[in-house]
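Biologist: Could you walk me through how to read a few features of this one? I'd like the general idea, then the case at hand.

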Amino acid sequence: MAVEFTVGSFFARWLFAMALVFVTYNPSDYSYLGWVMDEYREFGPVMAFIGVALLIAWIVFLRATMLSMGLLGIVLGGALFGCVIWWFVSIGVLSPYATGTLTWIILLVLSFILAAGMSWSHIRRRLTGQFDVDENVLYV
């Protein structure tokens, strides 16, 4: 039974990707990296556990994105959004000196690319009717 892919399915993936990206790092220092890098905290088992859980989530997202979009798709997606950001800077909507704002936008773009990667096989199937198959895995 195939699960229907909808816009809501994409936004759910995007929310999970945003949570992963922003929990790992964000400029506000309320993130895993900010917590670990705090000089007044000692690295312990809870930090290690959360770090491993985040690493697992990153591997799942990156592997799915790499398998569905490939390196070229990821680079082209990053280039497309990079051009949009550059355009916004050139027309004065964004300041190149607002590094905090640009960091938030880049993290948001990263989460969007991860969500697109998690969704790309579904989108491609709807557009072309073709299924993606991972040839290296034998499912029993």
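Biologist: Where do Phe-10 and Trp-14 lie, and how many residues apart are they?

Modeller: Both sit in helix 1 (residues 7-24), with a spacing of 4 residues, or about one turn of the helix. Keep in mind that this is a predicted model.

Biologist: How many aromatic pairs are there by the ring rule?

Modeller: The count comes to 9 aromatic pairs. Take Phe-10 and Trp-14: their ring centres are 6.3 Å apart and the planes make 40 degrees, so this pair is tilted. Planes under 30 degrees apart would count as stacked, and those over 60 as edge-to-face.

Biologist: And what about pockets?

Modeller: Rolling a probe the size of a water molecule over the atoms shows where empty space is left. Here, the second largest pocket holds about 260 Å³. Phe-10 turns up again in its lining, along with others including Met-69, Gly-73, Phe-112 and Trp-120.

Biologist: Which helix gives the largest share of that lining, and what classes of residue does the lining have?

Modeller: Helix 3 gives the largest share, with 6 residues; helix 4 (99-128) also supplies at least two. By class, the lining has 10 nonpolar and 2 polar residues, with no charged ones.

Biologist: Which residues form the nonpolar patch on the surface?

Modeller: Val-84, Trp-87, Phe-88, Ile-91 and Val-93, together exposing about 470 Å² of accessible area. Of these, Trp-87 belongs to helix 3 (residues 45-90).

Key: Residues numbered from 1 in each chain as written. Predicted model: local features only at pLDDT ≥ 70, side-chain atom pairs only at ≥ 80, totals over all residues. Heavy atoms only, no water. Patch = residues over 30% accessible without salt bridge, like charges linked within 9 Å, V, L, I, M, F, W, Y side chains within 5 Å. Areas by Shrake-Rupley, 256 points an atom, 1.4 Å probe, with all protein chains shown as cover. Salt bridge = Lys/Arg side-chain N within 4 Å of Asp/Glu carboxyl O. 1 Å grid on protein atoms, 1.4 Å probe; cavity = no way out; pocket = protein on both sides within 12 Å on 5 of 7 lines; lining within 4 Å. Points joined across faces, edges and corners; volume = space filled by probe spheres on them. Nonpolar A, V, L, I, M, F, W, Y, C, P; charged D, E, K, R; others polar. Phe/Tyr/Trp six-rings, centres within 6.5 Å; stacked < 30°, edge-to-face > 60°.
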